[in-house]
Structures are given as structure tokens and as C-alpha cells.
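Thanks, everyone, for making the time this morning. I would like to walk you through one model, going from the chain as a whole to a few local details, so please keep the sequence and the structure in view as I speak.

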Amino acid sequence: MEDRSIRGSLSRRTLVGSVAVGLAAGTAGCLRPLLEEGGQTAGNETTEDGANGAGTETEAWPAFGADRGGSGAADVTPPGDDVSDVWTADLNGGRGNPVVADGTVYCAARSTVRAFEADSGEETWSSEVGLTGGLSPALTVAGGVAFATPGDGFLYAFDAGDGERFWSESLTGGSGSSFASPRLLDDVLVAADDDRVSGHDASSGEQRWSKELPNTVLGTVVDDGTAYLGILAAGAEPSVYAFDAESGERRWTYDGVRNGSNEPTVVDGTVYGGGAGDTGTEGYVYAVDAESGAERWGTELESPIVTSPAVTDGSLYVTDEDGGFYELGTERGDVRWRESVWDESDRDGNPPKISAPAVADGRIHLGTLDGRALAADASDGSVTWSFSAATEIRASPAVADGRAYIVAAETLYALGTA
């Protein structure tokens with residue numbers, strides 16, 4: 001599909017406190033995001049209606065982990081206790097992590113990027129990309145533009161309103177396997193595919209810098225001029241890298257996770273993450289200084305950590321490979337509680353792995369590999385509601401406007417109360 005010129009075709013939507021998008025004079029066919037300091041932000045946003053600019057307030061979860069730092073938490077409204085499927089949508093054989101922005105749910109799945117009305121589930125647009133396998137990374141939506149690395153080796157920018165493609169840029173020659181969502185910081189878009197990370201002009205997709213890593217990049221987050229990467233690590237290899245987002249210059253590495261790693265989270269000058277410890281059978285959660293990479297604390301847990309953490313209000317929430325989920329304090333890494341989604345007395349085989357947590361209004365939202373979506377009280381881990389999708393959930397939920405959006409195998413669910 002031929003890329004469409006962006007001049008004159010930007011949507012009217014504005015993310016409050018997030019991103020302003022405009023066109024630079026004299027630059028034909030080129031998007032010029034005039035990005036405010038805040039970057040894309042979860043929480044409340046305003047959708048402009050009609051020429052008078054009257055706004056309808058909605059809530060947003062516009063990136064994996066809710067925001068550019070991947071905090072996994074947002075000031076949004078979760079579902080109540082009596083949860084059912086308000087609507088479902090068939091993803092035609094694909095599966096991906098959902099995001100919500102401007103009253104629309106976005107998801108990359110198999111060979112398409114798709115958008116659905118958050119209220120009704122009606123598909124608003126679908127745009128073809130290369131064939132992808134496995135779980136596609138979440139999009140990042142900011143200023144009326146949807147950025148995607150669906151896993152086909154390319155980076156895309158779409159009009160978030162109608163799905164027309166502004167530009168595409170090859171990351172790995174069309175043969176990639178991306179685990180990482182694109183991240184927007186000012187006018188730089190950081191993207192990763194396989195073992196490479198690169199910085200791009202967000203307006204045109206033009207590559208500014210590129211770096212090859214020792215192993216697969218599992219996730220990226222950005223904040224305060226820096227891109228932080230979690231990579232698949234073994235032994236004493238570094239598992240977290242920090243690069244200058246503008247130039248690609250390496251700032252530091254961290255090697256505290258000895259076996260495996262996940263996408264980190266950066267909140268208030270600290271990078272948090274987890275993986276496996278020295279033997280590979282226990283878990284390890286860390287906090288390092290975002291500027292220097294120096295470890296502030298490290299805590300061993302019962303089982304390897306398999307997802308990105310969520311961090312909010314002095315608490316860190318994380319899941320392990322044995323069906324457990326935890327709360328730790330962010331100051332010292334002290335374990336406050338551990339609960340499990342697996343009841344050994346009535347289940348056969350291995351415990352179900354759990355998705356990355358999504359925290360909203362004192363509740364932790366999770367999906368499990370045995371097909372359950374659930375919410376737990378963030379103060380003690382007690383389950384407040386559970387929904388059976390009857391098939392595996394690998395994607396992390398997105399939460400906004402009283403609904404939790406999950407992808408179970410090849411189906412997108414909107415869960416809420418009647």
C-alpha cells in the first residue's frame with residue numbers, strides 16, 4: 001500500500017497534557033509532531049467534536065504499560081465487580097496487546113493493524129501489514145497518530161482516525177520478530193526488532209541511529225532523554241541498556257539479572273525490572289538509578305519473573321512463572337504479599353503464567369495462560385472478579401472508562417459491567 005502524504009490529513013484530536021501535532025511550513029508530505037515535554041500519557045483526554053471544538057472527555061491507555069515509561073498504572077476507571085463481555089471482536093487468527101486512546105481500541109494482529117470503537121466494538125478501520133507470528137506488540141498512539149511495530153520487520157505510522165498509512169520504515173529488512181512496542185519521546189520514535197534498536201524521526205520515519213545488541217530486545221521504555229531496553233540475557237551479560245534517545249550513545253548497562261530479563265519500567269528517576277537469579281530457578285526484581293545505572297536494591301523471589309512490573313504510589317506489582325503475583329515496596333524492595341492464581345488441589349499440569357499487570361484505582365488487572373482475566377485488590381492481592389475466556393491470555397490488559405480490554409488467543413474482549 002502506498003504511503004499517504006500527511007499534510008492536511010491530521011486528525012483534530014488533542015491529547016490533554018500529552019502531544020501537540022502540527023505541520024512545519026515548507027515541508028511537503030511530512031508530519032511534524034511538536035511534542036510537549038510530557039509525551040503520550042494515560043488517563044483523561046479530550047476528543048474534539050465538530051467545528052466548535054466542544055470536547056468529550058474519555059480515558060486512555062495509549063501504550064503498553066499505559067505510558068512511555070511503561071509504568072503499568074494510570075488514573076483511569078476500572079470495571080466494577082459484576083463483569084461480563086460487553087462485546088467481542090474476531091482478530092482473524094492474530095493476537096496482540098490492546099491499547100485505548102480517544103474512544104478507540106487498537107490492536108495489531110497477524111497481518112493487520114485494526115481499530116474498534118471502544119463503546120460498541122464496531123471496527124472503524126483495518127490496515128494491512130506484513131505477516132506476523134506470535135503476540136504482536138502494542139501500538140503507541142499519540143496526537144492522532146498510531147505507531148506500530150507489529151513484528152514483520154517494519155515500523156509504521158498510521159492516521160489513528162482512519163488507518164491511512166503515513167509512512168513505513170524497514171527495521172530488519174522485513175524478517176523481524178519484534179517483542180517491543182515503539183516509544184515516543186519528543187520528536188524521536190525508538191523502535192526495536194530482533195537484536196537491533198533504532199531511533200527515528202517521528203514525522204517521517206527516517207532513521208537517526210541504530211545499534212545492534214548481543215541478543216533479542218524484549219522491550220523498550222523512554223523518559224528524560226533516555227531509552228531503556230530489556231534484552232534476553234544469560235549469565236553475566238547485561239540485561240538492561242540505556243541509550244541517549246536523540247543520538248543513540250550508550251549511557252550504561254546493568255547486569256544484575258543473570259538469566260533472562262523483561263521490559264523494564266521507568267518511574268520518577270528509577271528503572272525497575274525483573275527476571276531470573278543466578279541459578280535460573282528463583283526470581284530477581286531490581287531497582288536501578290535511571291541516570292547512572294547503579295543498583296538501588298535487588299530482591300530475590302520464589303520463581304523467575306516473566307513480565308514487566310507495574311509501579312505506582314510506592315508499590316511495585318509483578319508476576320512470576322508459577323502463577324504468583326506480588327506487591328513490593330519501591331523504596332527497599334520489601335515483599336508485602338504474594339498471591340497465586342493457581343490452586344494446586346484442583347489443577348493438573350503446570351501453573352499458568354500471568355500477563356504483565358495493569359493497575360487502576362487500587363486494582364490489579366491480569367490475564368492468565370489458562371484463559372482467565374481477573375482483578376485483584378492492590379492492597380492484599382485478593383481477587384475481586386474473574387472472567388473465563390476459555391482460551392489462553394498472553395496479552396496485558398488495557399483499562400479505561402470502566403472497561404478492561406483483553407486479547408484471548410484470537411479474540412478481543414471488552415469486559416465491563418452491564
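Predicted model: local features only at pLDDT ≥ 70, side-chain atom pairs only at ≥ 80, totals over all residues.

Let me start with a sheet: four strands form an open sheet in the order E19-E20-E21-E22, and their pairing is antiparallel. At its edges lie strand E19, residues 217–223, and strand E22, residues 250–254, each of which pairs on one side only. On average, and with direction ignored, neighbouring strands of this sheet are turned by 20 degrees against each other.

Stepping back to the chain as a whole, the secondary structure comes to 37 strands and zero helices. The chain has 418 residues, of which 59% count as buried, and its accessible surface is about 15400 Å², with 40% of that belonging to carbon and sulfur atoms. If we take the contacts with a separation of 6 or more, 47% of them are made by residues 24 or more positions apart.

Back in the sheet, strand E21, residues 240–244, runs antiparallel to E22 and is joined to E22 by four bridges. Within that pairing, phenylalanine 243 has arginine 250 of E22 as its bridge partner.

Tyrosine 241 counts as buried at 5% relative accessibility, and phenylalanine 243 is buried with a relative accessible area of 4%. Another pair, tyrosine 272 with tryptophan 297, is tilted, at 6.4 Å centre to centre and with 50 degrees between the planes. Because tyrosine 272 lies in strand E24, residues 270–276, and tryptophan 297 lies in strand E26, residues 295–301, this pair ties together parts that are 25 residues apart in sequence. Tyrosine 272, at 6% relative accessibility, counts as buried, and tryptophan 297 is buried with a relative accessible area of 7%. Elsewhere, Tyr106, Trp125, Phe154, Tyr156 and Phe158 form one aromatic cluster.

Six bridges join strand E25, residues 283–289, to E26, and the two run antiparallel; among the residues involved, tyrosine 286 has glycine 298 in E26 as its bridge partner. The hairpin of E25 and E26 has five residues between the strands, and in this hairpin glycine 293 takes a positive phi near 85 degrees.

Where do we find a positive phi in a residue that is not a glycine? Alanine 409 is another, with a positive phi of about 50 degrees, and alanine 409 sits in the loop between strand E36, residues 403–408, and strand E37, residues 411–416. I point these out because most residues other than glycine have a negative phi. As for burial, alanine 66 has 0% relative accessibility and counts as buried, while alanine 409 has 19% and also counts as buried, because the cut-off is under 20%.

The largest nonpolar core has 25 residues, and the members that touch the most others are Trp61, Trp87, Tyr405 and Leu412. At least two residues of this core come from each of strand E6 (84–90), strand E8 (104–109), strand E31 (358–360), strand E35 (398–400), E36 and E37. Leaving aside neighbours within four places in sequence, the contacts of tryptophan 87 include Val105, Phe116, Arg403, Tyr405 and Leu412. There is also a second, separate core of 18 residues, which includes Phe64, Ala108, Leu139 and Ala160.

Finally, what does alanine 89 touch, not counting residues up to four places away in sequence? This alanine lies in strand E6 and is buried, with a relative accessible area of 7%; its contacts are Phe116, Glu410, Thr411 and Leu412. Alanine 89 and phenylalanine 116 are 27 residues apart along the chain, and their C-alpha atoms are separated by 8.5 Å. I am happy to take questions.

How values were computed:
Residues numbered from 1 in each chain as written. Heavy atoms only, no water. Buried < 20%, exposed > 50% of the residue type's maximum accessible area, 1.4 Å probe, protein only. Contact = heavy atoms within 4.5 Å. Areas by Shrake-Rupley, 256 points an atom, 1.4 Å probe, with all protein chains shown as cover. Pairing = 2+ DSSP bridges. Axes fitted to C-alpha atoms, helices over the stretch in contact; angles between N-to-C directions. Phe/Tyr/Trp six-rings, centres within 6.5 Å; stacked < 30°, edge-to-face > 60°. Core = buried A, V, L, I, M, F, W, Y, C linked by side-chain atoms within 4.5 Å.
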